[in-house]
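Please read these points with the model open beside you.

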Amino acid sequence: MRYKYDVAIIGGLGHIGLPLGILFADKLKNVLLLDNNLKDKDKVMKGQMPFIEYGAESLLKKALKRNLIHITSLPEEIKNAKNIIFCIGTPIDEYLNPKTNQFLDVISEYSKFINKDQLIIIRSSVFPGICKQVNKLLGPDINLSFCPERIVQGYAIKELSKLPQIVSGFSEEAISLAGKLFQEVSKSIIYTSVTKAELAKLYSNTWRYIQFAATNQFYMISNDMGENYEDIRDLMMENYPRMSGFPSAGFAAGPCLLKDTMQLSNLSRNANFLAQAAMNINERMPEYLIQLIKKKHFLEKAKVGILGMAFKANIDDIRDSLSFKLKKLLSFEGAEVKCSDEFVNDPKYISKEELIDYSEIIIIGAPHDIYQNIEIPTDKILYDIWSLDKLKK
Ligand SMILES: NC(=O)c1ccc[n+]([C@@H]2O[C@H](COP(=O)([O-])OP(=O)(O)OC[C@H]3O[C@@H](n4cnc5c(N)ncnc54)[C@H](O)[C@@H]3O)[C@@H](O)[C@H]2O)c1
């Protein structure tokens, strides 16, 4: 059977779905981006990215010129696609449990339009065991594969072609078809079982989250001893390869790390003490910072500015950013808080110059490169847990 689209991406306007769709279109695949939220459709169809994704816009424009990108919200359209890739979100709830039913409900909604000639790929980061349930739901005749996404947000276009793609599936055919498809956009393919692939994805994010927790814990110990943590970190790392890649202290946040660490924690029925300790440490950072400031300054009525509201450097995504927790805690202390972010479009935010001018105390919330060369007048107090100063050198 001939299909109108080579690839349909469900969640096609999201942070993972859209760059992947653009890359497939760059390899001359006819791509359908399916999303139940079309607020960014017009923008994308004009060749503009709705969020920061470095290197994506020129490829998007090229793909649109070739008429290889199509956008819809109609689930039945997936009937016309040979390969269907699920890139929807996999959130946890307010009690830190994965919303597995929500994910299965979406699959169920689309299953009516799936046939055994198609290849179904799950790309979201899932609670281990979910793919097996999807397999049960779709039936053994459907080719089902799990191929986790491993890029860091904002750099999908740069990274996808450089990273090996993990491919797993429930049949030889599904594995072989998924491998062939991802060969188009990946550096190489690593084949494995579905459970190993599910775990490898969660272990990777949990490992990063634990590393951030370790460095944050060391930061707190150093500060409590009156020592400069970055000096100690430099000592640890200088010409010492075993410590290479050891992260600086900072806010470990965003939509993936905590969420995936909690998915893994849930798998051990919450007896994953390392994951929970990491969460306690990382989520405590804003409060720790406030305690640090309070040792020297009154926060009641103090004019405080937060520079950087995104969840990490050089992107515009504020999802689960700890800058917001910091803002809330500061306001609770009676501080008069203003915010600024070079990348985030919010009419309430002021420019970095206005923020510096306004604030008595300035806190770096996200270490955007642009803040590295910022001049802070000597009568202002700067709190920079990331040590941007060091990055400057
Ligand atoms: N963001 C990252 O850097 C990253 C990296 C690796 C893996 N992941 C994983 O990829 C998945 C997607 O993450 P994301 O950051 O792209 O999320 P996102 O919220 O940016 O994108 C999800 C998209 O799915 C759409 N959607 C939701 N329900 C839908 C439905 N029923 N039908 C059609 N569209 C629907 C949403 O409107 C949204 O556009 C998650 O499992 C995440 O953990 C994300």
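1. Start with one polar contact, meaning a pair of N or O atoms within 3.5 Å; within protein, one must be able to donate a hydrogen and the other to accept it, and residues adjacent in sequence count only if both atoms are side-chain atoms. A nitrogen atom of the ligand lies 2.8 Å from an N or O atom in the side chain of Gln-153. The protein covers 85% of the 830 Å² of accessible area that the ligand has on its own. Such areas come from the Shrake-Rupley method with a 1.4 Å probe; for residues, only the protein chains shown count as cover.

2. A word on the source. This is a predicted model, in which local features need pLDDT of at least 70, side-chain atom pairs count only at pLDDT 80 or more, and totals for chains, interfaces and linings use all residues. Residues are numbered from 1 along each chain as its sequence is written, and side-chain values use heavy atoms, with hydrogens and water left out.

3. An oxygen atom of the ligand is 2.5 Å from an N or O atom in the side chain of Asp-35. At Ile-16, a polar backbone atom is 2.9 Å from an oxygen atom of the ligand.

4. Which residues come nearest to the ligand? They are His-15, Asp-35, Thr-90, Tyr-110 and Lys-259, out of 25 around it. A residue is near if one of its heavy atoms lies within 4 Å.

5. The shell around the ligand divides into nine nonpolar, 10 polar and six charged residues. Here Ala, Val, Leu, Ile, Met, Phe, Trp, Tyr, Cys and Pro count as nonpolar, Asp, Glu, Lys and Arg as charged, and the others, Gly among them, as polar. Helix α4 (residues 100-111) gives the most to this shell, with three residues. Helices (H or I, at least four residues) and strands (E, at least two) are DSSP runs, numbered from the N terminus.

6. Why does the ligand lie between two domains? Domain 1 (5-192) and domain 2 (201-392) both give residues to its shell, so it lies between them. The bounds come from an automatic or database domain assignment.

7. An open sheet has eight strands in the order β3-β2-β1-β4-β5-β6-β7-β8, with mixed pairing. Its edge strands, β3 (69-72) and β8 (188-191), each pair on one side only. Strands pair if DSSP finds at least two bridges between them. Four bridges join β7 (residues 164-169) to β8, and the two run parallel. Pro-164 stands opposite Ser-188 in β8.

8. Another open sheet has four strands, ordered β10-β9-β11-β12, with parallel pairing. Ile-363 stands opposite Tyr-383 in β12.
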